[in-house]
Structure formats: C-alpha cells, structure tokens
Amino acid sequence: MAVDELQAIIQRCQILEEADFKGEDFNLFQVAGQKCLEDGYAAQLLEVIQNEKNKVIIKNMGWNLISPLVRCIFVYKKEDDKREHCLKILEKLAQLCNPKELFLGLLEQIEQTSGERVCQTVMLLLQPLQTVLLKLQNKKAYSVGVSLAMIMNQLTPLPVPYTKQQIQEDKLGLCQCCNAVVDFTKPFVNEVVKNMEKSSEYNDMELKEELLKFCMKSLKYPLLTAQLEELEGIDEHPFRHFAAEIIDILWDIKELIPLVFLHRKSKNPEWENQEFADIEQKNTADSLACLSYLMVVQHFGIDCFPMVFSPSYLLQCNMTNIEVLLKRTEESILSKGLDLFESCLLRMEDNSLLHQYLEFRDFINVPQDLVKVMTLCPIEHLRKKSLSILQLYINKFDTEGKHTLFRCLLKTSNHAGVEGYVIKNIKDQIHLSLTKACDNTWFIGHHLISLLDLVFLLPEGAETDLLQHSDRIMASLNLLRYLVIKDCESDNQTGVWTMIPRIEQNFLKPLHVGLNMSKAHYEAEIKNKKENKKEAQSPNTVCSVTVSGEKMPAMTTEMQLQVLHSALFTFDLIESVLARVEELIEVKIKAVMDEN
C-alpha cells in the first residue's frame, strides 16, 4: 500500500541527520508520495507533512511532490475533498520546504504548462511562489524578475479577449490571471516603496528595475491589444482594472512621469546581436505608446498628470508614440493610435500649432502614415476616422505650417484622392486669404505660386492615366476656375495670372491631348467589346481581369461595357470643366485687353 511505503521511508529518514540524506532517499520519497496522491491518499499524505517530527524531511524532500501534486489538483473536481487536501499540501510545502529548491520546482511547473492550462497553472502557483520569494534572502530581486518574466512569457502566446462576449466568457482565464499576477507583485512593490521612503538615495535598484520590466511587458501584452473602452453590462472591466493597477505600480515606484515625458527606459541588456537589440527597442516603443494612450485617452493616472504642459508640447511628446501605433495593421492597435492623435489635437486651438514643429521628423512622418491608413486600411470606419483626423491636423497649424504641410502631402501621398483633398484645402485657404482682412501672405503672391506649381501639372504629361488621377485633375480644375473667377487680372492678388502661360503649357494642353487619347482608346475598346459580343451571341460571356498581379472576380461583357462607359463619362466631365475654365480665362483676358 502506498501509505505504508511512505511511512517506511519516513521512519528510516527520521533517524538520519539532515546531512546524511542520500539521493536514493529523495527518489523513494518522491515515488511513494506520488503514489499516495495518485491512489487517492492525499489526506494521509497531508497528515505526514503536518507532523512536526517530519519537518526536516519535508524541508529537504517536499519540493519533489510539486509536479504530481499539480497534476492531481487538475484531475480532481473543485468540490472533491481530495482536491482540498492537495491544495493544503501545496500551502504547507510553501511554508516548510527549502525556499531555493521549491522556487525552482514551482518555476519548472509554470514553464512546462501550455495551452488551456497556462492560466490555471499560473493562478494555482502564484500564492506559493509569492510565499517562497518573500522568504528568499539572497538574489530576491533576480528571483522576482525571473518569476515575472516566466509568467509573462507563458501568457503572451494566448489570444487576448477583445469583444464584450469574449471578455465576459474569459475562456482561457487570461483576464482573471492578469489581475492575479498584479496582486502577486504587491508585496514587492510595497518593499520598494518602503525602502524609497526610508532613504531619498535609494540605491538598491534591482527589485525596482524588475518591477519596471514587468510593467513594460504588461503594457505591450495584453494592454496594447486589449479593448479598453468601458463596456455596458460589465461593471468592472478586467483589462481596465489591470491597466489601472499597472499605472499605480509605475507611480508608486516613481517611474510614471519619466516614462511618459522623458521616455525613460528600463536597463536593457547590451545585446551583441543587433536583431535582438532591434526587437527590444521595438517592444519598448510599443509599451511607451500604450502607456501614453492609457493616460491621454483613457485618463488612467490622470490625478498624477502634470497640468503645466501646453497642448503643443503634449502633442510633441506623443508624436513618436502615435507614429509607432499608426504603423501597425491590427485594428485594436491602429485605433489606439488614431484615438491618441485625435485626443492630443482636440486639446489645441485652430491655427495655434507653429510651423517650426514641422522641422521635427515625426510631424512629417505621422501625416504620411495617416495617408496610408486612409488609402490602404481595409476597415472602413478607421479610414473615415483617419481622414477626419488629417483635417483636424491641418486646421491646427498656422498658415505657414499649412503651406509646408500641403507641399509635403502633394509630393509624398502618391494617391489622387488624397492629392485632390489637399488641393481642396488649398482652395479653402486661398478663399480665406481673399475674403478676410487678415495678413496671410502664404496663400497669395509668390508663396502661393510655388504651391500652385505642384497643383497644375500632370504627373506623366499627356500620357498620365487620367482615370486614375481624375480626383486630382478635377480638384485642380475647380481650383483654377475659382482663381480665375475670384481674382481679377488687374489685381492678381494670388499671382495666378502671372502663371497662366505656364499652366497652359504644363497642365491644360497636355490634358487636352490626354483626353483625346483616352477617349479614343476607350471608344475603340467599347466598339471591340460590342463586336465580340455579337460574334459570341451571348451577353454573359465571362472574362477574367488581373489588377496588380491579383485576379479579380470574373466580369461579363455587359459589366465590362458598363465600366468603359463610366470611364468615358468621367472624361466628358473633365472635358466640360476644362472647357469652362479655358472660356473664363479667354473672357477675362479679352476684357482686360478691351479696357486697355
């Protein structure tokens, strides 16, 4: 019987000195103890462990029971008395065993767990692990750091619940586990705080650094990916609670403000491999971006937030973080970047952001990233939001800043829709300059001419794909029509009349040629399709179309004809506006000549 075998080993070891225990004794104790657990004699094993006479034996050999003990706890149901006995054994082992040996045994169990058991195992072992760590005298900080790193490494592969239903179900227990890990750190946070209060020159930074590393990892996972908006029907959102706890730890160890405003980083190892160094740098950037989002957008730790900074400085501090988030493609992360950018901009008054800020690299890179979201993101509501934020960003700059930003976007966006949108904004700024008694020299005269040179041209001359660039072309023609109507040649406030010969040479004439070529090409295509349709005697003949190397859904001949006719309609529209613009120019020039 398993209990008899265990008793025999115990009696043999009781008469031995601690130093006389042999490897064979350890093995026999482990096998007998494991058999007791597996055969359902957990109560008898608990009695052996609680017996004061066996204290020395348990101190040296008890840690060997951790692995079979964990297995049995998961086998028994919650209401089973045997499971309760196993949990009491685990608690007792944490009190009696050699801390160093038990620490390694507990970490080994956490490391070996996987899949659906990860959170269950971590939550089961957190309390005994905390008990053991608090008893350690040497290398406590190192051991706490190893424990937290091991736990986070095991949790990181798990998917983060995102929807309200997923958060409520918490299928793998991640929400519950994250908050349990924060509770696990509290005694160590209190220890650091107490030591910092004792001395303003707190030199033992190791434990503080390990806690900082844990917070940084927590910001990247799960908080960077998590849904952090308040959800109806959930009284205490687990990830919001977790975020608040992480912010509290950073505040308690006096690292919150340095991280947000000075981008203070934890002491990372010096990597010889550049690839590892790059990964570490990226992880740190992700964590800092998430921290800014928590404070600026979700207002976590707002009581700690200094209220002395100007909105423009706050934006400057966050532009790097915004850039990090906007470069991501995951909806949960990308939306955080847009929210952070919007929140920073909404704090500012229109026309208050000085043009000198555009000398900072981030102030140019971020709108370019925003353009990529507008044009490439497959999620419609994010595309729409990025467009509204771009307009918000434009509105905040002074007139010289707007002028510089427009030049940059026209040169870098490589998207006709975006270029058309920028040209419409240029028109609005010119209108303000002409109708308001304000000193706005950047959208009249020679400053405006340098901008219009970028507007009134076809990227590839007469051979430009007019269909692809139709948004830009229509916006340019509308702007030219507005300028010709609004600005008299005698006044020439905008300088457009000085440019007319150049505009005709670089824009209007090539556009005429391009329209003629494009219309002829598309009319020929329509004729061919109609002839082929008659020969095939079937209106539903299907053909495949390839765009940018990707095969598009099959199109019938009728569908192809609709597309071709739509293109012709676009060319007719451009041609009608072009004719109107040329007519207006001719009338204005003739009127001036007659007057002279």
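Okay, let's start in helix H21, residues 416-435: Asp428 and Lys424 sit four residues apart there, so about one helical turn separates them. Helices here are DSSP runs of H or I with at least four residues, numbered from the N terminus. The side chains of Asp428 and Lys424 meet in a salt bridge, 3.5 Å from N to O. By salt bridge I mean a side-chain nitrogen of Lys or Arg within 4 Å of a carboxyl oxygen of Asp or Glu. Asp428 is partly exposed at 32% relative accessible area, and Lys424 is partly exposed too, at 48%. The cut-offs: buried is under 20% relative accessible area, exposed is over 50%, partly exposed is in between, with a 1.4 Å probe and protein chains only.

Quick caveats before I go on. This is a predicted model, so local features need pLDDT of at least 70 and side-chain atom pairs count only at pLDDT 80 or more, while totals for chains, interfaces and linings use all residues. Residues are numbered from 1 along each chain as its sequence is written, and side-chain values use heavy atoms, with hydrogens and water left out.

Back to the charges. How many salt bridges does the structure hold? It's 25. One of them joins Asp572 and Lys519, at 3.2 Å from N to O. Asp572 lies in helix H25 (residues 557-595) and Lys519 in helix H24 (residues 496-536), so this pair ties together parts 53 residues apart in sequence. Asp572 is partly exposed, at 37%, whereas Lys519 is buried, at 17%. There's also a network, where salt bridges with shared partners join Lys220, Lys282, Asp286, Arg328 and Glu330. And Lys327 bridges to Glu323, with the closest N and O atoms 3.8 Å apart; Glu323 is buried, with a relative accessible area of 9%.

Now the inside. The largest nonpolar core has 190 residues, where a core is a set of buried Ala, Val, Leu, Ile, Met, Phe, Trp, Tyr and Cys residues joined through side-chain atoms within 4.5 Å. Among the residues with the most contacts inside that core are Leu315, Phe341 and Ile426. Leaving aside neighbours within four places in sequence, what does Phe341 touch? Its contacts (heavy atoms within 4.5 Å) are Leu315, Met319, Ile322, Val366, Leu370, Ile389 and Tyr393.

Ile389 and Tyr393 bring us to helix H19, as both are among its buried residues. The buried residues of H19 pack against helices H16 (311-326), H17 (331-346), H18 (361-376), H20 (399-412) and H21. As a geometry check, the 17 residues of H19 (residues 380-396) should span 24 Å at 1.5 Å a residue, and the end C-alpha atoms are 25 Å apart, which agrees. The expected span is 1.5 Å times one less than the number of residues.

Last topic, the rings. A search of the whole structure finds ten aromatic pairs. Rings of Phe, Tyr and Trp (its six-membered ring) pair if their centres lie within 6.5 Å; planes under 30 degrees apart are stacked, over 60 edge-to-face, and the rest tilted. Phe360 and Phe363 have ring centres 6.2 Å apart and planes at 40°, so that pair is tilted. Phe360 is partly exposed at 40%, while Phe363 is buried at 1%. Ring pairs also link Phe341, Tyr393 and Phe397 into a cluster.

Finally, Lys427 lies over the face of Tyr482, 5.2 Å from the ring centre. That takes NZ of Lys or CZ of Arg within 6 Å of the ring centre and within 35 degrees of the ring normal.

Terms used: Helix = DSSP H or I, 4+ residues; strand = E, 2+ residues; numbered from the N terminus.
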